[in-house]
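The exercises below ask for a careful reading of contacts between parts of a model. Each task is followed by a solution that goes step by step.

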Amino acid sequence: MTPAATTFHTPHPVAQRRSTTESPLVRRLLIGVALAFLSVFLLVPLVAVFSQAFAKGIGFYFHTLSDPNAWSAIKLTLYAAAIAVPLNCVFGVAAAWAIAKFDFRGKNVLLTLIDLPFSVSPVISGLIYVLVFGAQGWLGHYRDAEQPWLPWLQNWLNEHNFKIIFAVPGIVLATIFVTFPFVARELIPLMQAQGRSEEEAARVLGASGWQTFWRVTLPNIKWGLLYGVILCNARAMGEFGAVSVVSGKIRGETNTIPLHIEALYDDLNIAGAFAVASLLAFLALITLALKTWVEYQHARQNQTKMFP
Amino acid sequence: MSVEVKNVTKKFGSFTALDNVSLKVESGELVALLGPSGSGKTTLLRTIAGLEFPDPGTAQILFYGEDVTQIPASERKAGFAFQHYALFRHLSVFENIAFGLRVRPKTTRPPEAEIRARVDKLLKLIQLEPMAGRFPSQLSGGQRQRVALARALAVEPKVLLLDEPFGALDAKVRKELRRWLRQLHDEIHITTLFVTHDQEEALEVSDRVAILRAGKIEQIGTPEEIYDNPASPFVYDFLGNVNLFSGRMKDGAVVIGETEFSLGEGTGETDTAAVAFVRPHDIRVTRQANGPALAALVLRSNAAGPVANLELKRLDSGEIFNVQLSKEQFQELAPKAGEPVFVELKNVRVFSDDYSI
Amino acid sequence: MAIKLSRSKKIRVLPGFKLTLGFTLFYLGLIVLIPLAAVFWKTSSLTWAEFWHTITMPQALASYRLTFGASLLAALVNAFFGLIVAWVLVRYEFFGKKIVDALVDLPFALPTAVAGITLAMLYSQNGWIGQLLEPLGIKVANTRLGVFVALTFIGLPFIVRTVQPVLEDLDPELEEAAASLGANRWQIFWRVILPMLMPALLTGFALAFARALGEYGSVIFIAGNIPMKTVITPLLIMGELDMFDYAKATALAVVMLVASFVMLLAINVLQWWTNRYNTHNLA
């Protein structure tokens, strides 16, 4: 009777030819093709990372990770993510609130612009900050200017030798740029789908704006927000192209984990490169596990909402 | 005999959707499968279409004497119209109707000109000729349902199966389309089975009605037979409003409270508990008792609409029941709330545990 | 207060519109729009002839051919296998399905540098896969084929993740309707299912292609970066940056950006097309 009934399997597979399923042979063939493709492209690389990481033994593995340059790279990566993720999180919530809860002209343009960093090559993402803050860029021009606007700022910059490119601030900026849309693009469709009625009801019942947000909106979007944060963090810690343009790659100073991996690889310290890479691969696995868990929670929440 | 279903059982996990169902449909008949949700009516229809298969056993499905039990839907030549139409969104109305012809193997596929001619004819039949180029999303619900019917008819099916054909439509369109289906059937005389949960629809449109309950056919017959002689309390209740009076059997009569109501036919059963069924329009309300009657109190009356409805309360047991009066009767009686009256019961039917009339 | 409210064109029930939109625009401008504008500012320091010369130099043309060609091929291969993977994940039950489903997102989650060195190692002459292909005369590392392999890895989830939800939502009644009209399984797939999946498939294809165009980290390790042969455009830009030739780098970046914007536009149009079917589905 119910649509769900059609998905039950017949307890005794008999020679019935259903017109809406494939023959067992075709099924097995398709499953085989899919699994073979995924094995070659996903499973084998994943296994390879960990097996290479321990190729020279566990001692070498920990030796590589406790190297001061490795430590510095780990700290820098955590530092950049710790700034980029919360900022983009606040932005994502604000943008989603404005876009999902209000009507205004140019909304579609705004949506496209928010997605822009995804369609820009990582190398270009780094390049644009070099053009703004590099020695030949806007900031460089300003520092060398004969008659600058706000001379005290020029003096301050030159006295402190304040650098953005080939320094930590550039790395943070590039990280913010490449992870810019993650939270926003998770939240916008979610909040659009949820509509405004619950918030409006809260307002009518006398809740303030903040109360409405904390008590009504946030509980509704928490899984989506978490999902966005997880993806944002994974990308922030793993970004390579953009960061490699702005970092200057000074070992122990401006190398992030991915750049440190590249440095070790270029030194032909393959086992060392994989040892560090295994950290990021492990992070990727945690990300996937969290993502799956969040999806499950989200589905469960939706289900209980539909069938109380 | 055009469609014959023999001993079909179908289980989904532990749920029995069809429990040893048998059904015969004459050629050219229009049969309604009526029942509440979960009664197995849709499963029966889908099994006939070949979209579900009966559990292995002695089950058999015959089309014009030919055993089609193991033949899949695509080769069964049963036209099926889905409750939500299942029109192909990416195809125009014309192409939706032509679909069944276009997918035929080259050897049996009609030439393009004939496909066009046939689709045009069907478009005319469903009165949607100007809509040929439109997409399903541009049609109203009633129009979509007609396209779905035309699509099913295009392949010249041996039998037409309709799943809740009017279920997703609003009340007015429903009535129009119902009449239209009856006319269409009178015109083309194709053996048709349709599923519905609406008794009014089933009684109005069909030649015969099969009432399903918990995977079994409870009763099958013409609309009059079913309405006048319900085989069980379930059928009685399902076919329309009914009042229940609990009482006891006594020599071919039923005693309700202190009053004895004759059941017409003599029976041997005596002194067993029984429930009497009386339709609201089979109750006569009077101010004076002449013959067996129950005393009751008028609680509420409502004369809006073509008939008047009274809500009464028995004085002896306090049970509440409903009475339907014609406008004239109502005006003649002019009952007031709180007023005591007498009610006479006609066409009383009794179903006891092992006994029924 | 009342006067203030009536003066604004619309009285909004919910608060924070100006604050959130203002912050959104400010942050967007600061982080994305102004820096991107710098690209066009820098390009203007070149004359048209210089610009044209830069973007049509032989190395650049070779890199476009490689980048666009390998991206297109990778997206095509992904469209084919991605459809099968999505189909299998939605329609069939098999052991370990949940894990496989989660693993599909690995290329999203795995940093590109890690993917890059891993693929380079696997497909090198004595790598796990490379040594199997060596006797067949197939070389992957340091060839264009290597670029294709890396881009296939990167684009894999796009098709699966765009097709999967559409396939899940596909009304089984449509297939039953087609079957009851006499269509066989192959006809149902070809005439009913595939047309319904087409917009999603194309969107996934465009997303995979767009991502591959700009990809850097996963490619450079396996590509070997042989001038005129296996240098992708982003690497060419990187090379100019290493030589501090920002004008040249920017000119090449403009080409890439224009290509990205065209793809973005195409994806938006495709998504609008996908939704075209769904909007009136409610009635």
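**Exercise 1.** In this predicted model, state how far apart the C-alpha centres of domain 1 and domain 2 of chain A lie, and describe the contact between these two domains.

*Solution.* The separation comes to 35 Å between the C-alpha centres of domain 1 of chain A and domain 2 of chain A. As for the contact, domain 1 of chain A contributes 5 residues and domain 2 of chain A contributes 9 residues. The bounds are 13-53 for domain 1 and 57-306 for domain 2 of chain A. The next step is the area: the two domains of chain A bury about 600 Å² between them, with 82% of it on carbon and sulfur atoms. A search for specific pairs then gives 0 salt bridges between domain 1 and domain 2 of chain A, and likewise 0 residue pairs in polar contact, where both residues must be at pLDDT 80 or more. On the side of domain 1 of chain A that touches domain 2 of chain A, the residues divide into 4 nonpolar, 1 polar and no charged.

**Exercise 2.** Characterise the interface of chain A and chain C by its residues, its buried area and its salt bridges.

*Solution.* Begin with the residues in contact, of which 89 come from chain A and 84 from chain C. Between them, chain A and chain C bury about 7900 Å², and 81% of this area is on carbon and sulfur atoms. The rule finds 2 salt bridges across this interface, including one between Lys291(A) and Asp105(C), whose closest N and O atoms are 2.3 Å apart. Helix H1 of chain A, residues 24-53, supplies 20 residues, the largest share of the side of chain A that touches chain C. By class, that side of chain A holds 60 nonpolar, 19 polar and 10 charged residues.

**Exercise 3.** Which residues form the salt bridge between chain B and chain C, and which helix gives the most to the side of chain C that touches chain B?

*Solution.* First, the contact joins 20 residues of chain C to 24 residues of chain B, and the buried area is about 2100 Å², of which carbon and sulfur atoms give 60%. Across this interface there is 1 salt bridge, formed by Arg46(B) and Glu176(C) with the closest N and O atoms 2.5 Å apart. The rule also finds 4 residue pairs in polar contact between chain C and chain B, both residues being at pLDDT 80 or more. Finally, the elements of chain C that give two or more residues to this side are helices H10 (172-180), H11 (185-214) and H14 (246-279), and H10(C) gives the most, with 7 residues.

Terms used. Residues are numbered from 1 along each chain as its sequence is written. Chains are lettered from A and ligands numbered from 1 in the order in which they are written. This is a predicted model: local features need pLDDT of at least 70, side-chain atom pairs count only at pLDDT 80 or more; totals for chains, interfaces and linings use all residues. Side-chain values use heavy atoms; hydrogens and water are left out. Contact means heavy atoms within 4.5 Å. Buried area is the accessible area (1.4 Å probe) that two parts lose on being put together, summed over both. A salt bridge is a side-chain nitrogen of Lys or Arg within 4 Å of a carboxyl oxygen of Asp or Glu. Helices (H or I, at least four residues) and strands (E, at least two) are DSSP runs, numbered from the N terminus. Ala, Val, Leu, Ile, Met, Phe, Trp, Tyr, Cys and Pro count as nonpolar, Asp, Glu, Lys and Arg as charged, and the others, Gly among them, as polar. A polar contact is a pair of N or O atoms within 3.5 Å; within protein, one must be able to donate a hydrogen and the other to accept it, and residues adjacent in sequence count only if both atoms are side-chain atoms. Domain bounds come from an automatic or database domain assignment.
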